[in-house]
Each structure stands twice: as structure tokens, then as C-alpha cells.
Protein chains: 4
Amino acid sequence: MADPCCEQLRLSEQSRAEARRRLLSIRGHVEGILRMLENEDIYCVDVLRQVKAVDGALRKVSNVILRSHLKDHVVSATQRGDADEIVDELMEILKYR
Amino acid sequence: MADPCCEQLRLSEQSRAEARRRLLSIRGHVEGILRMLENEDIYCVDVLRQVKAVDGALRKVSNVILRSHLKDHVVSATQRGDADEIVDELMEILKYR
Amino acid sequence: MADPCCEQLRLSEQSRAEARRRLLSIRGHVEGILRMLENEDIYCVDVLRQVKAVDGALRKVSNVILRSHLKDHVVSATQRGDADEIVDELMEILKYR
Amino acid sequence: MADPCCEQLRLSEQSRAEARRRLLSIRGHVEGILRMLENEDIYCVDVLRQVKAVDGALRKVSNVILRSHLKDHVVSATQRGDADEIVDELMEILKYR
């Protein structure tokens, strides 16, 4: 029996799985850069390119979760009665993004 | 008499005024850079700093409108019945932001 | 007769012209958004899209000047003897970019 | 015996060590997010905040390497005779950053 007073907003099963999958790949990519950095002849720009690729991959994780949050929680905030908090915490994330 | 079938989502009066005020200041700032660029001795980095300041100001305009949109339209989308469109068009904006 | 002690680093004629051309177009775009904002029925997302387009255009101005600065001043800084200042001021710009 | 024809541009020992240290910490942070994501009650915004923190940390790695590259290779490119390549490859990195 659901208790609406304590209903919890949670990341959907599907987005959680996709975020995990992407972050596992990001961890592998970070480990690849760590291995590159063991080579004392490594060239700066080659590292910068890899760091940039990880950054792009991280942005995709963020987009997956953001879309999921919008769809599952933000669009229904008025009905739930927590619109102000939802907007404030989302703007904290998006402000400097 | 409001006709809910045709209710239009519009930027609130207050945010519209704030966005205008900020964009007028941005226009002035752009004109200032245009004057800088008439000086043939101008130094690259001085221009880069000004362009960066305009970029920050533009980001603030965007944040004003985004917060307004979240508060006035996104959080109530489920009630209105247009949640899918609202999420899709917002993600288009935020994806590469 | 050039006096190397007082040689000034300046934005090249060509890049100055391109930056001006692009900023004139940006000013026009900002004025277009100001006109949009006079319409009390304007939709938030339509304004966000225009602000984003201006942001992209501003980024291009910045890239024109940055490339010019790299080519004309940064790559020759060791010869000129001002490498430390050149790196410090450039990192100030690029750090949060 | 150094062979100037084959001199290699490499990331400095010190920056390589700092990049490694920071990336090890980033790997730990990514693993922390992976553990968060095992919790089926995890809240979207809590994950978004962590992803954003990793993004900031990655930006710092990038800045360490970028500063090192500017100082050790870019400012001396005219002397070395590879200024065009140095500028082109750097702009590829910075263009969308």
C-alpha cells in the first residue's frame, strides 16, 4: 500500500541501468587515460583529446538522467505539490551547466 | 473568458521585462566591443575578455527564462497534458548547453 | 624604425574585421530578440532558442580572436620573452570557458 | 645524445603526475556514482550533482595539461618551426570546449 506522504522520487530502473552502463564505459576510458599517462613520451594534446571524449560521455550520462527526471518528476510537480523545490534544485544544477 | 483549448504558454510579464532589461545591457556591451574593434591597436585578450563577459550575461538571460519556463509551464505539464512535447523541446535546448 | 621594446601586440587587421562583421550580426540578432520580447504572447522556448543561437555566434567570434592570438602572439612568446604573462592571461580566459 | 630532428613534444613529468593523481581521484568518484546507482531508491538530482562534480574535476585535469602544453610547447612553436600544426590542433580542442 503506497503511502503518499512518503512517496519517494527515484531514478527510473531503465535510466539507472543506462547511466550505469555509460559510467562503466567512462571508468574504462579513465583507466585508459591513466595507462596513457604511464608513458613518459605521451603528448599533451593526445591526453587533452581523451579527456574531452570522457567529458562528452559524461555529458550524455547527465542528459539521460536529466531527461528521466524531467519526464518522471518535474512535469508532475504541481500535482505532487513540490514545484518550488523541484525548480530550485534543478536550476542549481543547470545554472552553470 | 479563458478558453482552455487554446490557452497559450507565454513568458511571464516579469521575466519578459527582466530579459529585455538584460538584453538591452547586452546590446550596449556588444556596441562597446564594436567600438573597441575600431581601434587598430586593440589587444586580442582585451577583446576576448569582453566577449566572455557578454557570454556570461547571455547565460543569465537564459537562466531567467529557463527558471520562468520551469516554474510556469514545465511543472504543470502533466496536468495540461503536453508533458512529452515539453520535455522534448526542453532537452533540445539543454542537451548541448 | 620599429622599437622592439615597445612593440605592441595587436589583433590583426583581418581578424578585427571579421570580429566586427560577426558582432554586427550579433547586435542585429540581439535586437531581434528584443523585438520578440515586445510581444506579450511570446513563448519561453522560442526565446531560449534565439538566445542559444546568439551564444553560438559569440563563441565563433571568440574562436576567431583566439586563433588569431595563438598564431600571431602565443607561438612567438618565447622569442619575445613574455611567455609567462602570455600563458597566465590566456589561461584566465580559457579556464572556465 | 639528443637528436633535434626527432625531438618529441611530451607532457612534462610534473603535469603527468598531477594529471594521474587527479584522474585516480576521478576514477574513485565514478566508482562512487556506480555504487549510488546500485541503490534503487536513488534520486535523479543526487546523481546529477555527482556527475557535475566529476565534470568539474575533469575540467581541472584538462586545465593542468593545457597550461603545461601552452608553457612547454605552444609559446616556443615559432622557434621550433611547427606553429601552424600547433595552432590547428589546439583550436580543434578549444573550439567547442
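Biologist: What makes the pair Asp88(A) and Arg67(B) a salt bridge?

Modeller: The closest N and O atoms of Asp88(A) and Arg67(B) are 2.9 Å apart, and a salt bridge asks for a side-chain nitrogen of Lys or Arg within 4 Å of a carboxyl oxygen of Asp or Glu, so the pair qualifies. This is a predicted model, in which local features need pLDDT of at least 70 and side-chain atom pairs count only at pLDDT 80 or more, while totals for chains, interfaces and linings use all residues. Residues are numbered from 1 along each chain as its sequence is written, chains are lettered from A and ligands numbered from 1 in the order in which they are written, and side-chain values use heavy atoms, with hydrogens and water left out.

Biologist: How many salt bridges and how many polar contacts does the rule find across the interface of chain A and chain B?

Modeller: The rule finds two salt bridges there. It also finds 12 residue pairs in polar contact, both residues being at pLDDT 80 or more; such a contact is a pair of N or O atoms within 3.5 Å, where within protein one must be able to donate a hydrogen and the other to accept it, and residues adjacent in sequence count only if both atoms are side-chain atoms. Helix 2, helix 3 (77-80) and helix 4 of chain A are the elements that give two or more residues to the side of chain A that touches chain B, helices being DSSP runs of H or I with at least four residues, numbered from the N terminus.

Biologist: What area do chain A and chain B bury between them, and which residues of chain A lose the most?

Modeller: Buried area is the accessible area (1.4 Å probe) that two parts lose on being put together, summed over both, and for chain A and chain B it comes to about 1900 Å², with 61% of it on carbon and sulfur atoms. On the side of chain A, Arg67(A), Val75(A) and Met91(A) lose the most area to chain B, together 30% of what that side buries.

Biologist: Why can one say that chain A and chain D meet through the same surface?

Modeller: Of the interface residues of chain A, 100% are also interface residues in chain D, so the copies use the same surface. Here 43 residues of chain A are in contact with 43 residues of chain D, contact meaning heavy atoms within 4.5 Å. Chain A and chain D bury about 4200 Å² between them, 68% of it on carbon and sulfur atoms, and the count of salt bridges between them is six. One of the salt bridges joins Arg10(A) and Asp41(D), whose closest N and O atoms are 2.6 Å apart.

Biologist: How well does the span of helix 1 of chain A agree with its number of residues?

Modeller: The expected span is 1.5 Å times one less than the number of residues, so the 24 residues of helix 1 (residues 13-36) should span 34 Å, and the end C-alpha atoms are 35 Å apart, which agrees. Among the buried residues of this helix in chain A are Leu23(A), Ile26(A) and Val30(A), and what covers its buried residues includes helix 2 (44-74) of chain A together with helix 1 (13-36) of chain D.

Biologist: Why is Ser15(B) called buried?

Modeller: Buried means under 20% relative accessible area, exposed over 50%, and partly exposed in between (1.4 Å probe, protein chains only), so Ser15(B), at 10% relative accessibility, counts as buried. Ser15(B) has its place in helix 1 (residues 13-36) of chain B, and its side chain makes polar contacts with the side chains of Ser12(B), at 3.1 Å, and Ser68(B), at 2.8 Å.
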